[in-house]
2 protein chains.
Amino acid sequence: MYRDSNTRTLLKTVTWRITATATTTILVFLFTGAIDTAIQVGLLELLAKMLFYYLHERGWDKIKWGKEEVPAFVLWITGIPCSGKTTLATMIKEELSKEKLRVQHLDSHDVRPLFPETGFTREEVNNHIKRVGHLASMLEKNGIITIASFVSPYRESRTFVRKLCQNYVEVHLDTTAEVARRYDHNGFYKKVDEGIYKNVPGVDVEYEICENTEYTLDMTEKNLEEAKQEIMQVIKSRYIK
Amino acid sequence: MYRDSNTRTLLKTVTWRITATATTTILVFLFTGAIDTAIQVGLLELLAKMLFYYLHERGWDKIKWGKEEVPAFVLWITGIPCSGKTTLATMIKEELSKEKLRVQHLDSHDVRPLFPETGFTREEVNNHIKRVGHLASMLEKNGIITIASFVSPYRESRTFVRKLCQNYVEVHLDTTAEVARRYDHNGFYKKVDEGIYKNVPGVDVEYEICENTEYTLDMTEKNLEEAKQEIMQVIKSRYIK
């Protein structure tokens, strides 16, 4: 809950008084033709109404009615490794923070202290994603916009998360391992080639597409800036306004 | 982030206009002695200024400066089983919700979907509490007041959580297993007697007190209503104001 500070109310008092007293003085002058009366009324009004306005504002600040919160939502970004999920999530978070909205970004790095290291079998990955879904939903319930960027290749766990959340938007960064390799700065695919990483979606495990994914962006054709703008447009029209 | 709705601004416009136009009309009458001029100025002002006031309010609503958020904090309630932690947490959450503040209550039930079932050795309990601490700190960073009610008997993990959080207040419900038994509605201590539950703080494991616990409430003498009032007073003077 946000509350107005005293100085905010004071500054509002001044800006309003300039607008209002000018109006009154002009009106009195137009009606009476007497510039001195107009100025006298204006001056007295200046003092009396600044006090009244300040008290009126402080009183209203205690009334919560009509203060509306921007609805929270969960933006779930999914796709094979190195498809640009985390970078895109960071870009969108930055945009939303400019609007002074509360945003929590969740990716495998952020949730590591919360959820013990997990394996890469289908069951382990599904359980991990479901736990992240519970966390995202808890944040959403508390009014926090949540951006999750996880490979999350299995339909089962993504559907589970969708059901947990109130406002869930799934964005699939659709690309191929060949294109993803170009954006691989950490040698991930090298380790795949060497056989160190197994069960890699897009390589030796299928990435399961979902019919109800809200946005599938063809990342073999789009760049991240275009993807960001497309998603921001959706978010703005749906939630922020 | 909260924003004023259009209807809120409209209602503010009306309440302010009644206050302000009455002032102007009286002032013009006092200066000119002419009741008809006073009413004419008043009427024209009524219309012109309602429009200006509305626009002034909508403009200010876009300015975030001076909108202050109530600071979030983590209230950590600790104590042996059946000392009243969860009930007290629920009572405090209710009080805070009345003030339209965002509050998340975390107890072992709430975090079960997030953190896989954990054991009761010292190390397992410490790890579990540390994970809860990470969650509480994430919520706090996002402006959510967090009330955690966990036995959390070990100094090590409570100190760890304290360091993670910005505003951390620890409340120890200090009681004995004899007194706690009276509030045991789920047969917890019966299972302890039967040897089903082991490593129970206050019974066969020491509850480790902390020197820097903010409030130690002697629950052999106080009831929960008194405890609630004491803690609410602290919270109000420290954070809510």
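Trainee: Which residues of chain A does the UniProt annotation "transmembrane region" cover?
Mentor: In the unreviewed UniProt entry, that annotation covers residues 14–31 of chain A, and what we have here to set beside the record is a predicted model.

Trainee: How much of that span is helix, and how much is strand?
Mentor: In the model, residues 14–31 of chain A are 100% helix and 0% strand, with the end C-alpha atoms of the span lying 26 Å apart.

Trainee: And how do helix α1 and helix α2 of chain A cross?
Mentor: The axes of α1 (residues 6–32) and α2 (residues 35–61) of chain A come within 8 Å and cross at roughly 150°. An angle over 145 degrees counts as roughly antiparallel, so α1(A) is roughly antiparallel to α2(A). The crossing is right-handed, and the residues of this contact divide into 14 nonpolar, eight polar and six charged.

Trainee: Okay, what about domains in chain A?
Mentor: Chain A is divided into domain 1, residues 6–61, and domain 2, residues 74–240, and the C-alpha centres of these two domains lie 54 Å apart.

Trainee: Switching to chain B, what is the strand order in the open sheet?
Mentor: The five strands have the order β4-β5-β3-β6-β7, with parallel pairing. Because β4 (103–107) and β7 (215–218) of chain B each have a single partner strand, they stand at the edges, and one side of each is left without a neighbour in the sheet. The twist from one strand to the next averages 15°.

Trainee: How many bridges join β4(B) to β5(B)?
Mentor: Five bridges join β4(B) to β5 (residues 145–149) of chain B, and the two strands run parallel; His105(B) stands opposite Ile147(B) in β5(B).

Note on methods
Residues are numbered from 1 along each chain as its sequence is written. Chains are lettered from A and ligands numbered from 1 in the order in which they are written. This is a predicted model: local features need pLDDT of at least 70, side-chain atom pairs count only at pLDDT 80 or more; totals for chains, interfaces and linings use all residues. Side-chain values use heavy atoms; hydrogens and water are left out. Domain bounds come from an automatic or database domain assignment. Axes are lines fitted to C-alpha atoms, for helices over the stretch in contact, and angles run from 0 to 180 degrees between N-to-C directions. Helices (H or I, at least four residues) and strands (E, at least two) are DSSP runs, numbered from the N terminus. Angles under 35 degrees count as roughly parallel, over 145 as roughly antiparallel, 65 to 115 as roughly perpendicular and the rest as oblique. A crossing is left-handed if the near helix is turned anticlockwise from the far one by less than a right angle, and right-handed if clockwise. Ala, Val, Leu, Ile, Met, Phe, Trp, Tyr, Cys and Pro count as nonpolar, Asp, Glu, Lys and Arg as charged, and the others, Gly among them, as polar. UniProt positions are given in the numbering used here, feature names are shortened, and annotations may be inferred rather than shown by experiment. Two strands pair if DSSP finds at least two bridges between them.
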